Every structure is written in structure tokens, then in C-alpha cells.
Amino acid sequence: MNNEMKTIVIDAMGGDYAPSAPVGGAVLALEKHKDIRIVLTGKEDVIRRELEGKTYDKERLIIQPASEVIENEEESPVDAIRSKKDSSMVLGLTMVKNKEADGIVSAGNTGAYLAGATFLVGRIRGISRPALTVGMPTGTTPTLLLDAGANMDCKPGYLLQFARMAEIYYRALYGVGKPSVGLLNVGVESHKGNELTKETYGLLKEAEDINFTGNCEARDVFTGEFNVVVTDAFAGNILLKGLEGAASYMMGGLKESIMSSLRGKIGGLLIKPYLKSVKSKLDPKAVGGCPLLGVKGAVIKAHGNSNETAIANAVTQCLTFIRAGVIDEITANMKKEAEVKTNG
């Protein structure tokens, strides 16, 4: 692994709590990691006001002024990337493209960010579609779910590539030699599902380089049986939002029940540390963000409502992604696959 100083961009104007969360997250990240530089892209006067009173290493924090902001309410995220060339998001992505930065973190407009990463940073040669990847808590190591938001309409070949990229990512981060791969579906039988899942099932089963272990029903995502679960972004995003809603409902209902009686309150005090542990595992802020696999840079998408702790965690995730050499591994895999096809 390369342990030299790395440069990570933070989009200071992206997210529900910008600029306070991105700027505060940058300060926390600098304190945690002594081997990084952080570039904050955004309106310089706004960023400097946020930095007032904060203690940080001024030599490792750089402000890259940007006069424009890509808002969450943009009518066309793609047009926003094309027209707002001096936005904090575009300038950050351009720095990654030009190798002026090793990676980028943004909690801003998801559609614009993913489009910008694809168009500006660029896809790895041979990759049809980059995929957004999220880690689901299942024990010692998470289960990676992809695509979580980049490609609503997929072809079977896209999902096959998702599986290959996720295997490489999983192996690099967690040291699992042959990660198990599942296909999100409505049943475990091979004939279940729609045309996409049926055809994808066949491709995954025939792929000798993939440890495909069959269909994965939504209820089995947290069992730990699968290291990787592939799907299209439509189903993946519905699964994620459904799980977030269910977790919020259960925690809220449990709190209401505990507070409804004296016995419940006493019991609640006894189990409070355990409830906090469960809640932290389900909290997306603890992870920090989702990497976009398949582009030529470390692109991490933080949750829109990320606070400064979440942004700092996303920087940690970005640094881990860079040091694991995931992009080089995916690039080498795609080159090898292209050579096999040419010689075959």
C-alpha cells in the first residue's frame, strides 16, 4: 500500500448542512489523519467564516474558490454539471480528473455528482456503467449492495460487471479471497424474477471467476450469507429506503414502549448501551458514504443529511479506498478480460 500524503477534495457547498458540515468534517478529518491534505471547494468567504475559531493545520487545508453551487433542486443534474463549470462540485471532480487530487467526497446533488463523476473523472476502460456501492451491517464485515442509486435501468451485462467490481473491492478491503456473490431477487429459485434477473442469473452462474452463490431475497441481506449482492439501482434504492424506514419505525416504537411505564424506563436504562450499539450499526452516518465503483478516481457520495462526523467518516472511507488500490485492481481486471476476449 502507498502511504504517501494523499489529497482529498471535499465539496464544501454540498449537502443539507453545507457549508458547516463539510467544513467541520474537514477539520475533524485533518485531526484524525496526519497523512492527508484536504481541499475545500466552494465560496471562499463562506468557507473562511466557517473556519473562524477552529483549530487545524493550515498547511494541510486548502481552499479552492468556486463561484457557483449545484443545488439539490436542479431541474436537470446533467445540465447543471455542463453549465456550472465553476461550481464546487465540478471543480472538485475536475481536480480528481487532472490528478491534482486522489479522491473526492460530496453530500451534494446525487444525480449531478454521479453524472459528473462519469463524464469528468471518466469510466475505467471496459466498464459499461459505474455503480454506487453501500455496505450493509452483517457482523464482522459488511455485505456490499450495488447498484444503490446510479443506474435505474440495467442490462444483465451491467450486473455481471457490478459483481466483478464488488468482488475486487471486497477482497481489497476485507481480505476475503473469494467473496460470495448473490443476486437480489424475489425468490431463491433460478427461474424466479423478471427478465433481467433471469438472464443475469445465467451470466453469473457461467462466470468462472465469480463465486456466485445464488439468488438473495431481501430478508437475507443482513444474514451475512452473501458478501456481495447485485441488483439495479431501482430495486437497490427501494430496498435501502425501505430498510431505513423500518429501522426508524422500530427504534421509535421501542423508545415509545420503554417510556410508557416506570418498569420500561428502568429496563431501558439497562439496555441503553446495547440499543446505541445497534443504532450506530444501522446509521449511514457511521459509514460515511458510498463509493462509485468503475470510475478513474476515488469518488465517495456522502448522505445528503450528513453532519460533520459523517463527512469525516467519508474522508476515512475515501482514504481507505485509495490505499487499497481498488481502481488499479479493477483496471487490471478489465484489461485482462479484454485480452481474453481478443485472444479467444
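This is a predicted model: local features need pLDDT of at least 70, side-chain atom pairs count only at pLDDT 80 or more; totals for chains, interfaces and linings use all residues.
Residues are numbered from 1 along each chain as its sequence is written. Local features need pLDDT of at least 70 and side-chain atom pairs count only at pLDDT 80 or more, while totals for chains, interfaces and linings use all residues, and side-chain values use heavy atoms, leaving out hydrogens and water.

**View 1. Strand β8 and its cover.** Let us start with β8, which spans residues 180-184; strands here are DSSP runs of E with at least two residues, and helices are runs of H or I with at least four, both numbered from the N terminus. Five of the five residues in β8 are buried (under 20% relative accessible area, with exposed meaning over 50% and partly exposed in between; 1.4 Å probe, protein chains only). S180, G182 and L184 cover one side, V181 and L183 the other, and all are buried.

**View 2. The neighbours of β8.** Strand β9 (residues 211-216) runs parallel to β8, and four bridges join them; two strands pair if DSSP finds at least two bridges between them. The path from β8 to β9 passes through helix α7 (residues 195-206) as a right-handed β-α-β crossover (clockwise from the first strand over the helix to the second, with the strands pointing away from the viewer). β8 also pairs in the parallel sense with strand β10 (residues 228-230), over three bridges. Look for L183: this residue stands opposite N215 in β9 and opposite V230 in β10.

**View 3. Aromatic pairs.** The structure holds three aromatic pairs, meaning Phe, Tyr or Trp rings (six-membered for Trp) with centres within 6.5 Å; planes under 30 degrees apart are stacked, over 60 edge-to-face and the rest tilted. One of them is the tilted pair of Y170 and Y174, at 4.8 Å centre to centre and 55 degrees between the planes. Because these two tyrosines are four residues apart in helix α6 (residues 156-174), about one helical turn separates them. Y170 is buried at 0% relative accessible area, whereas Y174 is partly exposed at 30%. Y201 and F212 form an edge-to-face pair, with 5.1 Å centre to centre and 80 degrees between the planes. Y201 lies in helix α7 and F212 in strand β9, so this pair ties together parts eleven residues apart in sequence. Both Y201 and F212 are buried.

**View 4. A nonpolar surface patch.** M152, F234 and I238 form this patch, with about 320 Å² of accessible area together. I238 lies in helix α8 (residues 233-258) and counts as exposed, at 51% relative accessibility.

Conventions
Patches are made of residues with over 30% relative accessible area and no salt bridge: like charges are joined within 9 Å, nonpolar side chains (Val, Leu, Ile, Met, Phe, Trp, Tyr) within 5 Å. Accessible areas come from the Shrake-Rupley method with a 1.4 Å probe; for residues, only the protein chains shown count as cover. A salt bridge is a side-chain nitrogen of Lys or Arg within 4 Å of a carboxyl oxygen of Asp or Glu.
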